[in-house]
Amino acid sequence: MIEHDEFGPEKIVEVYDPKTKMRGVLIIDNTALGPGKGGIRMTPSVSKEEVFRLGRTMTWKCSLAGLPFGGAKSGIIADPKKMSLEERKAQVQAFARALKPLSPRQYIAAPDVNTAEQEMKWYAEANGSWKSCTGKPANMCVKPGEKCGIPHEYGSTGFGVAAATRVAAAFAGIDIRGAAFAVEGFGNVGTFASKHLEQSGAKLVAASDSKGCIYNPDGVDAGKLLDVKEKTGSVINYKPGKVLKNEELFLLGVDIIIPAALPDVINAGNADRIKAKIIVEGANIPATPEIEARLHKRGILVVPDFVANAGGVISSYAEWRGYNPKRMFELVENKITRNTKRVLEHARKTGAAPRDAAMNLAFERVRKAMHARAS
Ligand code: NAD
């Protein structure tokens, strides 16, 4: 069930193309701050409810990041693993054509589950506007070498997660140099977060993927680990290290845990046994707000997902403005550092959990914009 409230959703659009059998949905949650921004998820199970929840999160993420974007999300109901390249292209292009009356004026697309730079290229070509989506390939430029795509593969989200972690560590009185951290999900977000934290002097001691978890209290080299994962298919083949079950990662005696894969991995089953002092949510919804409140009561500092993992949407904004990658990374670092500080300071001042503090700040900006739009 989608519940309508004071914020939205403003538009729920279902589209179908008989020729390609493309079925899709777009939900524009709130556009008070600007056009709705959010990725295209392409899975067989994507539902209107899922798209709405993700779109609402984008409303808060863009608001808190101080971007001139509202929140939105879209989905194509299809299983790309069972489709040929041509079929995938036809579906993405049919979707782009169907949304053309709204995109880019009210909706700007981006990559999400099962969509990446290739899909963004198809989307922008079929839409006809370079501004209709972000996360496009680096060689897709308005002019040669000028105003080019900035693919999510550059690692802006993990880079931002590392920036949020540095702020949280300083806030908790932990020296980032030598701080031990564990990463659940050594994928795009997890690898880049590890690399940048290592550069700040922190020590990766555990990392997991779908096959298991590798642990070495003396340190795991993130670059070497990525090599091992790419060559052998999993982090568990890294040496020297001990192979653990995935769920054991959350119980390790580390300073920092970075969930960077699945939802609800921190739950009623492990929340009271977590020893880490800081959790920085690289993944979306790795814990419910209730579980986060429990961790807060135990004195564990949690940087919520929409604060910590906003690097991707900030990179999208940089691309949309025509910035180069260097300027994009500067923007991500500045915004994530400033916003994480703001949220943690607000939480400390009010005694609220960081998620509640962040939500208050995000609400305020959207409410003000809605008020200004109405008057
Ligand atoms: P990805 O597919 O690149 O990586 C996910 C990793 O998780 C893979 O290494 C996979 O092996 C691993 N994994 C799968 N099942 C696991 C399990 N049971 N235990 C441990 N690891 C497991 O995905 P990503 O782009 O890095 O996204 C990760 C999370 O970050 C998702 O929640 C996503 O929504 C969120 N996120 C990503 C971005 C981005 O720009 N990529 C932006 C915002 C939020």
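Nineteen residues surround the ligand here, and the closest are T157, N188, V189, A261 and N284.

Before I go on, a note on the source. This is a predicted model, in which local features need pLDDT of at least 70 and side-chain atom pairs count only at pLDDT 80 or more, while totals for chains, interfaces and linings use all residues. Residues are numbered from 1 along each chain as its sequence is written, and side-chain values use heavy atoms, with hydrogens and water left out.

Back to the shell. By class it has six nonpolar, eleven polar and two charged residues. Here Ala, Val, Leu, Ile, Met, Phe, Trp, Tyr, Cys and Pro count as nonpolar, Asp, Glu, Lys and Arg as charged, and the others, Gly among them, as polar. Two elements, α5 (188-199) and β10 (203-209), each supply at least two residues of that shell. Helices are DSSP runs of H or I with at least four residues, strands are runs of E with at least two, and both are numbered from the N terminus.

Now the polar contacts, meaning pairs of N or O atoms within 3.5 Å; within protein, one must be able to donate a hydrogen and the other to accept it, and residues adjacent in sequence count only if both atoms are side-chain atoms. N246 has a side-chain N or O atom 3.2 Å from a nitrogen atom of the ligand. S210 uses a backbone N or O atom, 3.2 Å from a ligand oxygen. For N284, a polar side-chain atom lies 3.0 Å from an oxygen atom of the ligand. The protein covers 70% of the 840 Å² of accessible area that the ligand has on its own; areas come from the Shrake-Rupley method with a 1.4 Å probe, and for residues only the protein chains shown count as cover.

Next, the backbone. Most residues other than glycine have a negative phi, and most peptide bonds are trans. What kind of peptide bond joins S103 and P104? It is cis, with omega about 15 degrees, and P104 sits in the loop between α2 (85-99) and β6 (107-108). K239 and P240 are also joined by a cis bond, with omega about 0 degrees; P240 lies in the loop between α6 (222-232) and β12 (242-244).

Last, positive phi. N114, not a glycine, has a phi of about 70 degrees, in the loop between β6 and α3 (117-127). I285, not a glycine either, has about 40 degrees and is found in the loop between β14 (278-280) and α7 (289-297).

Key
Near = heavy atom within 4 Å.
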